Amino acid sequence: MARLHVILCLDSRADAGRVTRMWFELAWSRLAVRLHDGLDANPRAGEDVTGTLMAGRIWETYPPVGMPWCELVRFEGEFDDEVATAQLMHARSWSVFLDGLDQHPGATAYLQAGVVQRAERMPGGRMPGVPDLHVRTWLEGGVRLGLSASPEFLVGTADAERALCGFLREVAAVSDPAYGEVSLDLDGHYGVESLLERFLVGLDSRTRDAIRRTPPRERLKGYSWITVIPAEVAARLGGAAGLPAGGAFHEVVALPAGGIWAQATGRLTDYDHAAARRVFDALRSVLPPGWPTPAEGDGPLVEEAP
């Protein structure tokens, strides 16, 4: 199942707590509008559901089939000793969740929301299925902010795409990010890597590990429909003025706090393999060695060695 992914990488230059809170607040207010009315019409108590989660009876918290559902989770402690606090979306639980992001920047946390779907194999005959919207933060060589959703949820119309781009650009504009992208992954994978990192071939394991450890301000982590390029890498490309000359981009904009917003095509539907190749060629000098080879039907990425 195809998923649309958005990532934004922060380092020590960013006020991680403030930017992380902004990421979640804007994602919920701008991108989850279609869920708001349903949640308002069927308010939940906002109770702590950690016990239910641990007991494996999460379905007991779901509303009836066809109704929106939203869960907030934040992890505390070391990796081997994490404590998960899960709550249902409610005005108070939302406020507590956001305050926790301020106090613990970079802590693993996520918001997942969707419409409950029927599944006869589950007690009660309902489950959330794949959430329409999954917003998260985690530590991976800095703070990474992520967002994932089914494509029709975020980019089904031109207005939806403008809202998505506006959301990412607003956060990127104030954070001087180390990298960012909006990409479409047809196999539905969701992880901490950029789409390019997942599909790089022609490399031995030592080189691949070295690429993953390379700070994103030294080498671009990837490329996609939207690529947020850190200032240090952008300077090696001639800055915002140097990128449009190759004709690979629909829009190139210098971000106020640092870095460049590079959008390949006006609409995601126009970002095909040919457009991906133009972007790849324009950024090749600052990308890792090797080339991406997606699985059959995956992409859009460069499909052969340059």
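These legends walk through several close-up views of one predicted protein model.

In this predicted model, local features need pLDDT of at least 70 and side-chain atom pairs count only at pLDDT 80 or more, while totals for chains, interfaces and linings use all residues. Residues are numbered from 1 along each chain as its sequence is written, and side-chain values use heavy atoms, with hydrogens and water left out.

View 1. Helices (H or I, at least four residues) and strands (E, at least two) are DSSP runs, numbered from the N terminus. Of the 306 residues in the protein chain, 53% count as buried; buried means under 20% relative accessible area, exposed over 50%, and partly exposed in between (1.4 Å probe, protein chains only). The chain exposes about 13300 Å², and carbon and sulfur atoms supply 51% of that area. Accessible areas come from the Shrake-Rupley method with a 1.4 Å probe, and for residues only the protein chains shown count as cover. Take the contacts (heavy atoms within 4.5 Å) between residues at least 6 apart in sequence: 70% of them join residues at least 24 apart.

View 2. How many aromatic pairs does a search of the whole structure find? The search finds five. Rings of Phe, Tyr and Trp (its six-membered ring) pair if their centres lie within 6.5 Å; planes under 30 degrees apart count as stacked, over 60 as edge-to-face and the rest as tilted. The ring centres of F24 and F97 are 5.3 Å apart and the planes stand at 75°, so this pair is edge-to-face. W94 and F97 make a stacked pair, because their planes are at 15°, with the centres 5.9 Å apart. Both of these residues lie in helix 4, three residues apart, which is about one turn of the helix. W94 counts as buried at 14% relative accessibility, and F97 is buried with a relative accessible area of 4%. Ring pairs link F24, W28, W94 and F97 into a cluster.

**View 3. Strand 4 and its two antiparallel partners.** Six of the seven residues of strand 4 are buried, so the strand is largely enclosed by the rest of the structure. Two strands pair if DSSP finds at least two bridges between them. Strand 2 (68-76) and strand 4 (109-115) run antiparallel and are joined by seven bridges; here P68 has V115 as its bridge partner. Five bridges join strand 4 to strand 7 (residues 133-139), again in an antiparallel arrangement, and A109 stands opposite T137.

**View 4. Helix 2 and its cover.** Which residues of helix 2 (residues 33-41) are buried? They are L35, H36, G38 and L39. What covers them includes helix 1 (16-31), strand 2, strand 4 and helix 5.

**View 5. Strand 13 between strand 11 and strand 12 in the pairing.** From strand 13 (residues 260-263), I260 and A262 point one way and W261 and Q263 the other way, and all are buried. Strand 11 (residues 226-229) pairs with strand 13 in the antiparallel sense over four bridges, and I229 stands opposite I260. Strand 12 (residues 251-254) also pairs with strand 13 in the antiparallel sense over four bridges, with V252 opposite A262. The hairpin of strand 12 and strand 13 has five residues between the strands, and in it G258 takes a positive phi near 130°.

**View 6. Helix 11 and its buried face.** In helix 11 (residues 273-283), the residues A275, A276, V279, F280 and L283 are buried. Seen down the helix axis, they fall within an arc of 140° (taken from the directions from the axis to the C-beta atoms), so they line one face of the helix. At the start of helix 11, a side-chain oxygen of D272 reaches to within 3.2 Å of the backbone nitrogen of A274.

**View 7. S150 in a loop.** S150 lies between strand 8 (143-149) and helix 5 (151-155). Is S150 buried or exposed? At 6% relative accessibility, S150 counts as buried. Leaving aside its neighbours within four places in sequence, S150 is in contact with A2, R3 and D132.

Methods
Polar contact = N/O pair within 3.5 Å; in protein donor to acceptor, adjacent residues only side chain to side chain.
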